[in-house]
Structures are given as C-alpha cells and as structure tokens.
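Subject: Structure handover

Dear colleague,

Could you read the two side by side?

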Amino acid sequence: MILETVNVGPMQVNCYILACAEGRGAIIIDPGDQAHKIKTVLNRHKLTPAMVINTHGHYDHIGSDDEFGVCVYVHKQDLAMLEDAKMNLSASFSLPYRVKTEIKTLDDKEIIKLDCLELEVIHLPGHTQGGIGLLLKKPQADIIFTGDTLFCQGVGRYDLPGGSESLLFKSIKERLFILPEEIKVYPGHGPATTIAREKSNNPFID
C-alpha cells in the first residue's frame, strides 16, 4: 500500500494520497492547495487520480478539488459548503471558491472501495456539521484520517459557523476513542499520533 502525506497551502493542510500499489488509482484526501505538489507525488508513483474525498468543507481542505478531473466526495451535511464561498470561508480571504467538479455525498458508516482499499466513513460533527473520519478497513485496519476533529495533542476549532463544542467532544469520545488504541491517527494538520496517546495525554480532553 502507498500512503503519502503532502503539506499544502499557508495553513499546512495534510493532503493524503492513498493507493494499493504503484501504477494504480489513487484516493486524494483533502487537496486544499498547491495541486502541483500533489501531482508530483502522483507522478512519482505513476498513480491515476480516482477520487477526491474532503473530510469537511473548509476552504483550506478543498481548494484544489477541481484540479484532478475526478468526482469529489463529502458528507451530505457539508455539501453546501463546497458550493458556497461564504460557507467554506474562502470569501473571507478575498479568494471566493466553490467546487465546480461533480460532487457526491457520503453518509455515516458508508464504505468507500478502490482496488484493495476500503475506507469506512465515520461522521464526526463538531468542527463542521458534516466532518468525517475515514477508517482504513483494508488492506489493514490500523489507520484513521481524522480531518480537523482530532490532532496530535489538540482538537479542532468549534467556534466557526456550524461548529459545536459539545458535538466535537462527543465525536472524539464516543466515535474515535472507542477504536482500538493502536490505531494510527492521521490528522488534517500536524504530525500523526495514535488513539492511545490522545486518550491518555491530550490536554484538551478530560
């Protein structure tokens, strides 16, 4: 399996590229900016973009959605954000952006398949209404991509439109912390961590 992290944009979003093997199709998670950097990694592994998945609808995670010529997937509750520059916050930075590519919506517990890969959608409201995690089920069940819900020694903001402090911590405690402790956490920003580390040491969580 191929898993590459590409740091993109001024907010250093972690864009993840996931594929079964060299020369196959690739899932691109959160291509927020600097599509050329993402394409360099794709080319290095001879990968063909197969789909884009957004963990949520903020501009720093969706800004290059249109650059790969493939369908974009997002939770149904964040669909409007991809289509509205004010809602995805890009209008606030004088860079109004809306996704023009075909968008398909996801729901909780949905399974996304590509070649040998299977990802389970876990709805994680709190940072946005439609925030999701993507739990890798195959070829090995040891990774979750958490977007801006859970970070290494941190949690996502809940003071932006659509955010909720109570829902964010409920999502973390009831949907993430029930996972096996050895699961590796790949967040939307910053370094990777594990469920065990965040359960025992995250200073923001009681």
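Predicted model: local features only at pLDDT ≥ 70, side-chain atom pairs only at ≥ 80, totals over all residues.

Residues are numbered from 1 along each chain as its sequence is written, and side-chain values use heavy atoms, with hydrogens and water left out.

Sheet

Helices (H or I, at least four residues) and strands (E, at least two) are DSSP runs, numbered from the N terminus. An open sheet of 6 strands runs in the order E1-E2-E3-E4-E5-E6, and its pairing is mixed. Two strands count as paired if DSSP finds at least two bridges between them. E1 and strand E6 (103-106) are the edge strands; each has a single partner strand, so one side of each is left without a neighbour in the sheet. On average, neighbouring strands of this sheet are turned by 25° against each other, direction ignored. Axes here are lines fitted to C-alpha atoms, for helices over the stretch in contact, and angles run from 0 to 180 degrees between N-to-C directions.

Strand E5 (residues 72-75) and E6 run parallel and are joined by 4 bridges. Within this pair, Val74 has Thr105 in E6 as its bridge partner. Helix H1 packs on the sheet and touches E1, E2, E3 and strand E4 (48-53), its direction making about 160° with that of E1. Contact means heavy atoms within 4.5 Å.

Salt bridges

A salt bridge is taken as a side-chain nitrogen of Lys or Arg within 4 Å of a carboxyl oxygen of Asp or Glu. The whole structure has 10 of them by this search. For exposure, buried means under 20% relative accessible area, exposed over 50%, and partly exposed in between (1.4 Å probe, protein chains only).

- Arg44 and Glu4 form a salt bridge through their side chains, at 3.2 Å from N to O. Arg44 is in helix H1 (residues 35-44) and Glu4 in strand E1 (residues 2-8), so the pair ties together parts 40 residues apart in sequence. Arg44 is partly exposed, at 47% relative accessibility.
- Asp115 and Arg24 form a salt bridge at 3.6 Å, N to O. Asp115 sits in the loop between strand E7 (111-114) and strand E8 (117-123), and Arg24 in the loop between strand E2 (13-19) and strand E3 (25-29), so this pair ties together parts 91 residues apart in sequence. Asp115 is partly exposed at 44%, and Arg24 is partly exposed at 37%.
- Glu174 and Lys170 form a salt bridge, with the closest N and O atoms 3.0 Å apart. Both residues lie in helix H4 (residues 165-176), 4 residues apart, which is about one turn of the helix. Glu174 is partly exposed at 46%, as is Lys170 at 43%.
- A network of salt bridges links Lys113, Glu118 and Lys138.

Val72 belongs to strand E5 and is buried, with 0% relative accessibility. The C-alpha atoms of Val72 and Lys104 are 6.2 Å apart, although the two residues are separated by 32 residues along the chain. Beyond its neighbours within four places in sequence, Val72 has contacts that include Val52, Leu82, Val99, Ile103 and Lys104.

Glu198 lies in helix H5 (residues 195-201). Glu198 is buried but has no salt bridge, and the nearest side chain of opposite charge, that of Arg197, is 4.3 Å away. Lys and Arg count as positive here and Asp and Glu as negative; His and the chain ends are not counted. The side chain of Glu198 does make a polar contact with the side chain of Thr193, at 2.5 Å. A polar contact is a pair of N or O atoms within 3.5 Å; within protein, one must be able to donate a hydrogen and the other to accept it, and residues adjacent in sequence count only if both atoms are side-chain atoms. Leaving aside neighbours within four places in sequence, the contacts of Glu198 include Leu150, Phe151, Cys152 and Phe177.

Backbone details

Lys138, named above in the salt-bridge network, is joined to Pro139 by a cis peptide bond with omega about 10°. Pro139 is in the loop between strand E9 (132-138) and strand E10 (143-147). Gln34 is not a glycine, yet has a positive phi of about 50°. Gln34 lies in the loop between E3 and H1 and is partly exposed at 26%. Asp115, also not a glycine, has a positive phi of about 50°.

Regards
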